[in-house]
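Me: Please take a close look at one part of this model. I want the contact between the chains, in one connected answer.

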Number of protein chains: 2
Amino acid sequence: MILEAVILQVKQGMEKEYEVAFREASKIISTMKGYISHDLQRCIETEGKYLLLVKWETLEDHTVGFRESNEYHEWKKLLHHFYDPFPLVEHFEQVKL
Amino acid sequence: MILEAVILQVKQGMEKEYEVAFREASKIISTMKGYISHDLQRCIETEGKYLLLVKWETLEDHTVGFRESNEYHEWKKLLHHFYDPFPLVEHFEQVKL
């Protein structure tokens, strides 16, 4: 299992509209092959800052399966115009504790 | 419930030692009042980068209960010398999707 983690900065004053759009976009991502779960976290200290966490079965389920799909174009259309700066997407694997 | 999220950059070459120390530190945090769960995630793209995610019942369970405890001194002693730069700790609340 792989965790996709992205810090997102939404343009000032667009937070409510973004959360509505994100709910719509959630329906897209959750149908994808290898998708396990996702959640969106709103920062308490910094307005407009969010943390997106998506669990995928494999790295390629995200980087190839999702990113090269038609669904990703819908996802982008719904969400990408809210971000400034454009976010850095990273992937993580759990450390056994 | 509150999510504490911290991007951690461990000094070059100290990753293995850090993970051992973190396993020890895990025992400390998991006994604290309001602690729900935590996990440590290792970045795939950037060496030495980690994401720490801790779930707390309330913000104060972390910012007051843990940070003002004797246990926090032990935590710091085990972990803080691994980090460069010193990390920014932020808190998040889940957006209802």
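In which sense do strand β2 (residues 35–43) of chain A and β4(B) pair, and over how many bridges?

Reply: The model is predicted, so local features need pLDDT of at least 70, side-chain atom pairs count only at pLDDT 80 or more, and totals for chains, interfaces and linings use all residues. Residues are numbered from 1 along each chain as its sequence is written, and chains are lettered from A and ligands numbered from 1 in the order in which they are written.

Strand β2 of chain A and β4(B) pair in the antiparallel sense, over three bridges. Strands pair if DSSP finds at least two bridges between them. Helices (H or I, at least four residues) and strands (E, at least two) are DSSP runs, numbered from the N terminus. A:Cys43 stands opposite B:Phe92 in β4(B).

Now the whole contact. Chain B gives 21 residues and chain A gives 21 residues. Two residues are in contact if their C-beta atoms, placed from the backbone, lie within 7 Å. On the side of chain B that touches chain A, β1 (2–9), α1 (15–29), β2 (35–43) and β4 (89–94) of chain B each supply at least two residues. That side divides into 10 nonpolar, four polar and seven charged residues. Ala, Val, Leu, Ile, Met, Phe, Trp, Tyr, Cys and Pro count as nonpolar, Asp, Glu, Lys and Arg as charged, and the others, Gly among them, as polar.

As for confidence, the model scores ipTM 0.94 and pTM 0.96. Chain A has a mean pLDDT of 97, and 100% of its residues reach 70 or more. pLDDT is the predictor's confidence in each residue, from 0 to 100.
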